[in-house]
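Open the model in your viewer and keep the sequence panel beside it. Each stop below says what to select and then what is there.

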Amino acid sequence: MIRPARPEDQDAIWAILEPVIRAGETYTLDRDMSREAALAYWLSPNHHVHVLEEDGQILGTYYLRTNQQGGGRHVCNCGYMTHEQARGRGVASRMCRHSLDLARQLGYRGMQFNFVISTNEGAVRLWQALGFQIVGRLPGAFEHPRFGFVDALVFYQDLTRPGSGETA
């Protein structure tokens, strides 16, 4: 079940965020970011935060927010993280589909992922399978802790297209 995050979910959300932040391989967050700062970022009042819960355990979390203001406010952005123990079980796919539905309900016309690390091959494949297009490449824009400077990708999906968000 995917549901809005609640205050009592903070420990479970931190258990998901911390290993991803510490690894420094997929998000542009400081690897030494504190629990308080990470939760404040993820649970920002400007974010719609959800969790995917199965059998009382939170396996993943995502946020949805307006990507830009003014003339760009009709495009949203999301961030997704899956618990280490739940990877490969379709958690990110389910959260992305949920976020696409939520974005449409909230009146967004597009969804953009601003900075997908090119070495995050699972995410790149998943976003493409869910109908996102690579619309930009930022050469060497991310300093990966193992691979050095790698590209970041910009993904976009037009939410006004019938059938967008469906797997091929």
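## The largest pocket

Begin with the elements around the largest pocket: helix H1 (10-23), S3, S4, H3, S5 and H4 each supply at least two residues of its lining. The model is a predicted one. Among these elements, select S4, which gives the most to the lining, with six residues. The pocket holds about 850 Å³ of space. To find its centre, select Thr 26, Tyr 27, Tyr 80, Asn 120 and Ala 123, the closest to that point of the 36 lining residues. What kinds of residues make up the lining of the largest pocket? Colour them by type: 20 are nonpolar, eleven are polar and five are charged.

## The largest nonpolar core

Next, select Leu 64, Tyr 80, Met 111, Phe 113, Trp 127, Phe 132 and Phe 155. In the largest nonpolar core, which has 27 residues, these touch the most other members. At least two residues of this core come from each of strand S3 (57-66), strand S4 (75-82), helix H3 (91-105), strand S5 (110-117), helix H4 (121-129) and strand S7 (148-158). H3 supplies the largest share, six residues.

Stay with Phe 113 and show what surrounds it. Neighbours within four places in sequence aside, Phe 113 is in contact with Asn 77, Cys 78, Tyr 80, Trp 127, Phe 132, Leu 153, Val 154 and Phe 155.

## Ser 99 in helix H3

Now select Ser 99, which has its place in helix H3. Is Ser 99 buried or exposed? Ser 99 counts as buried because its relative accessibility is 0%, below the 20% cut-off. Not counting residues up to four places away in sequence, Ser 99 touches Tyr 62, Leu 64, Cys 78, Tyr 80 and Met 111.

## Helix H4, one side and the other

Select H4 and look down its axis. Which residues of H4 are buried? They are Ala 123, Val 124, Leu 126 and Trp 127. These residues cover an arc of only 170 degrees around the axis, so they are on the same side of H4.

Then move on to Gly 131, which follows H4 and has a positive phi, near 95 degrees.

Go to Trp 14, in helix H1. Trp 14 is buried because its relative accessible area is 11%, which is under 20%. Leave aside the neighbours within four places in sequence, and the contacts of Trp 14 are Pro 19, Ile 21, Arg 22, Met 33, Ser 34, Arg 35, Ala 38 and Leu 39. Draw a distance from Trp 14 to Leu 39: the two are 25 residues apart in sequence, and 6.9 Å separates them, C-alpha to C-alpha.

One of those contacts, Ser 34, lies in the loop between H1 and helix H2 (35-42). Ser 34 counts as partly exposed, at 33% relative accessibility.

Then select H2, where Ala 38, Leu 39 and Trp 42 are buried. Down the axis of H2, these buried residues fall within an arc of 95 degrees, so they line one face of the helix. They pack against H1, strand S2 (48-54), S3 and S4. On the other side of H2, the exposed residues are Glu 36 and Ala 40.

## Last stop: Asp 55

Finish in the loop between S2 and S3, where Asp 55 lies. Asp 55 is exposed, with a relative accessible area of 82%. What is the phi of Asp 55? It is positive, about 50 degrees, although Asp 55 is not a glycine. For background, most residues other than glycine have a negative phi.

Note on methods: Residues numbered from 1 in each chain as written. Predicted model: local features only at pLDDT ≥ 70, side-chain atom pairs only at ≥ 80, totals over all residues. Heavy atoms only, no water. Core = buried A, V, L, I, M, F, W, Y, C linked by side-chain atoms within 4.5 Å. Buried < 20%, exposed > 50% of the residue type's maximum accessible area, 1.4 Å probe, protein only. Helix = DSSP H or I, 4+ residues; strand = E, 2+ residues; numbered from the N terminus. Contact = heavy atoms within 4.5 Å. 1 Å grid on protein atoms, 1.4 Å probe; cavity = no way out; pocket = protein on both sides within 12 Å on 5 of 7 lines; lining within 4 Å. Points joined across faces, edges and corners; volume = space filled by probe spheres on them. Nonpolar A, V, L, I, M, F, W, Y, C, P; charged D, E, K, R; others polar. Arc of directions from axis to C-beta.
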